[in-house]
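Hello,

Here is the structure I said I would pass on. Please look through it first; my notes follow below.

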Amino acid sequence: MRLGLAARIGDDLRRELRVRRHSRLPPGSLAPSWSNTRRIISDPLGLLLEHERRFGPVFTIRLLHEPIVWAIGAEANHQILVGEFDAFQWREGRFADLWPLLGDGLLNTDGPYHRDFRMLLLPAFQRDHIASVAETMVDQAVAAAESLRDGQVIELYRWVRELALRIALRALLGIDADARREHELASAFEASLAIHGEPVPLQMLAGPGTPRARAIAAQRTLDRAVRDEIDRRRRSGDPGGGVLGLLLTATDGDGRPLGTRCVRDHAITLLFAGHDTTTTTFTFLTHELGRNPRARDAVEHELDSVLGTRRAAADELDGRALPVLERSLKETLRRYPAAWVGPRRTTRDVTLAGVRVPAQIGVHYSSWATHHLPQLYPDPFRFEPDRFLPEREAALPRGAYVPFGGGSRMCLGKRFGEYELRALACTLYRRVRLEPLSTDEPRIATTPTLGPRGGLRFLVRAR
Ligand code: HEM
C-alpha cells in the first residue's frame with residue numbers, strides 16, 4: 001500500500017505509540033532534532049560513529065518524526081543479514097519515495113513473490129552468463145577510453161555514469177539500441193533520479209516546475225521507452241537477450257506471460273540497483289589511486305605485467321588474475337560502500353548485539369559505519385589495500401565487511417558489478433593515468449547511493 005506523505009507520518013506516529021505502550025526503544029537521540037535530521041544527510045558517517053561511541057552498537061536516532069534504530073558492527077550485521085533474517089521485512093523499510101520509480105522489483109518486495117523472481121533472474125547473474133557479457137563490458141570501455149585525449153580534463157563521475165548506463169542497457173537488459181533510442185532511455189532514467197540530488201525541502205514540493213513534477217514527467221517517458229522495447233520484442237516474436245529476454249519468456253503460476261508492468265518493474269529496479277553503484281565505486285577507486293601513488297603504481301605494474309598491451313579476456317576479470325587490483329577494489333568498497341545503508345522493519349521483537357529491539361520499528365544497518373569502526377579497521381579513514389591480503393581478510397569477523405550485504409538477499413548483481421569494475425579498471429588504467437585535480441578527502445553525497453558531491457575532476461594523461 002502506498003501512502004501520501006501526511007498519511008504516512010500519521011501512520012508512523014500511531015505505530016510508534018503502539019510500540020512504546022509495551023516496549024522501550026534502544027537508547028540514543030529520541031527527542032525530535034532538526035540537527036540530527038539534517039546531519040543524516042550532510043554527514044551520516046560522523047553522526048553514526050558518534051552515536052556508536054556514546055551508546056554502543058545498537059541505538060535510536062529520531063529522524064524527522066520517526067525513531068530509527070541503527071545497528072552497527074559485525075555482530076549486529078550478521079544477525080540482520082543471516083542469523084535473525086526472518087525478523088525483518090524490506091518493503092516497509094525501503095525508501096518510500098523510490099517506490100513509484102521502482103514498482104514491485106526485487107528491492108521492494110518480500111516473501112514468496114520476491115523469492116520466485118530472484119530465482120527467475122538468477123541465471124542472468126551466474127558465472128557463465130556474466131563471463132559471456134564481459135566482452136560487451138570491455139568493448140564499451142575500450143570505445144569510451146579511445147575517446148579520451150591526453151591533457152583533457154574530465155568529470156569522472158558523469159563520464160563513467162554514461163558509460164555504465166550503456167553497459168547496463170546492453171549487457172544487463174540486452175537492449176541493443178541505436179544511439180537515439182539509447183540516449184532517450186538514458187536521459188529519461190537519469191531525469192527520473194535527478195530529484196534525489198535536490199535539497200530535501202525542494203524534493204517535497206509539489207506542483208508545476210518543481211523537481212517532483214520533472215521527475216514524474218521523466219518517469220512517464222522512461223515507462224513509455226521501456227514499454228515500447230517490450231512491445232517491439234513481443235511483436236517480433238523474439239524475446240531477445242539479457243534480463244528482459246528472461247522476463248519475456250517467463251510465465252506466472254497459471255502459465256501466462258508476465259504482465260508488462262511486472263517486466264518493467266524488474267528491469268528498472270535492476271537498472272537502478274546496478275548503475276550508480278558501479279559508477280561511484282569506480283570513481284572513488286580512481287580518486288584513491290590518484291592520491292595514493294604507491295597503490296596506483298602497484299596496480300599499474302600488475303596490469304602491465306599481466307596484460308601488457310592486450311585487452312583483458314573474460315576469464316581474467318574473475319578476480320583471481322589481478323590480486324593487487326582486487327585488493328584496491330575491496331578497500332574502495334570498504335571506504336565507500338555505494339549502498340551504505342540497509343533499511344528494514346522488524347516483524348517481531350529481536351535482540352541485536354545484546355540489545356532488545358521491538359517489533360514494527362525501522363532498523364537500519366550501515367556497512368559504511370561498520371567499515372569505519374577502528375576496532376575492526378585500525379586507522380579506518382586511511383586507504384590501505386593490504387588490509388585485504390588473504391590472511392588479514394580471513395581474520396575479519398563475520399559481518400565486518402558487507403559492501404554487498406549478505407545472506408539470502410545478498411546483492412544479486414555482485415558478480416556483474418565486480419566484472420564491470422574490473423573491465424573498466426583494466427581498460428582505462430592500462431591506457432591512461434587519471435590524475436585527480438584535487439587530492440582532498442572527497443565530499444560525499446547520499447543520493448541515495450554514496451557519491452562524490454559535485455563530482456570529481458581528473459586530468460587525462462596518456463600512458
Ligand atoms: C559495486 C557495485 C554494487 C554494490 C556495492 C551493491 C551493493 C548492494 C547491497 C549492499 C545490497 C543489499 C542491500 C541490503 O542488504 O539492504 C544490494 C542488493 C541488490 N543489488 Fe547490488 N550492488 C552493486 C551492484 C549491483 C548490480 C550491478 C546489480 C544489478 C545488475 C545489483 C542488483 C542488486 C539487487 C537486485 C539487489 C536486491 C537483491 C535482493 O533483495 O534479492 N547490484 N546491492
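Which residue in E9 does Gly342 stand opposite? Gly342 stands opposite Tyr365. Before the rest, two points on reading the notes. Residues carry numbers that start from 1 along each chain as its sequence is written. The model is predicted, and local features need pLDDT of at least 70, side-chain atom pairs count only at pLDDT 80 or more, while totals for chains, interfaces and linings use all residues.

The sheet

Helices (H or I, at least four residues) and strands (E, at least two) are DSSP runs, numbered from the N terminus. Two strands pair if DSSP finds at least two bridges between them. There is an open sheet of 6 strands with mixed pairing, in the order E1-E2-E3-E9-E6-E4. Its edge strands, E1 (28–29) and E4 (88–89), each pair on one side only.

E9 (residues 362–365) pairs with E6 (residues 342–346) in the antiparallel sense, over 4 bridges. In this pairing Val363 of E9 is the bridge partner of Arg344. With E3 (residues 66–71), E9 pairs in the parallel sense, also over 4 bridges, and here Val69 stands opposite Val363.

A residue is buried if 20 or more other C-beta atoms lie within 10 Å of its own, exposed if 12 or fewer, and partly exposed in between, with C-beta atoms placed from the backbone. Both faces of E9 are covered: Gly362 and His364 are buried on one side, and Val363 and Tyr365 on the other.

Helix H14

H14 (residues 293–307) has 15 residues and reaches 20 Å from its first C-alpha to its last, close to the 21 Å expected; the expected span is 1.5 Å times one less than the number of residues. Ala295, Val299 and Leu303 are buried in H14. They lie on the same side of H14 because they cover an arc of only 70 degrees around the axis, the arc being that of the directions from the helix axis to the C-beta atoms. On the face turned away from the buried side are the exposed residues Pro293, Arg294, Asp297, His301 and Ser305. After H14 comes Gly308, which has a positive phi, near 60 degrees.

The ligand

Of the 24 residues around the ligand, Gly274, Gly342, Gly405, Cys411 and Gly413 come nearest; a residue is near a molecule if its C-beta atom, placed from the backbone, lies within 6 Å of it. Helices H13 (260–291) and H18 (414–431) are the elements that give two or more residues to this shell. H13 gives the largest share, 6 residues.

Regards
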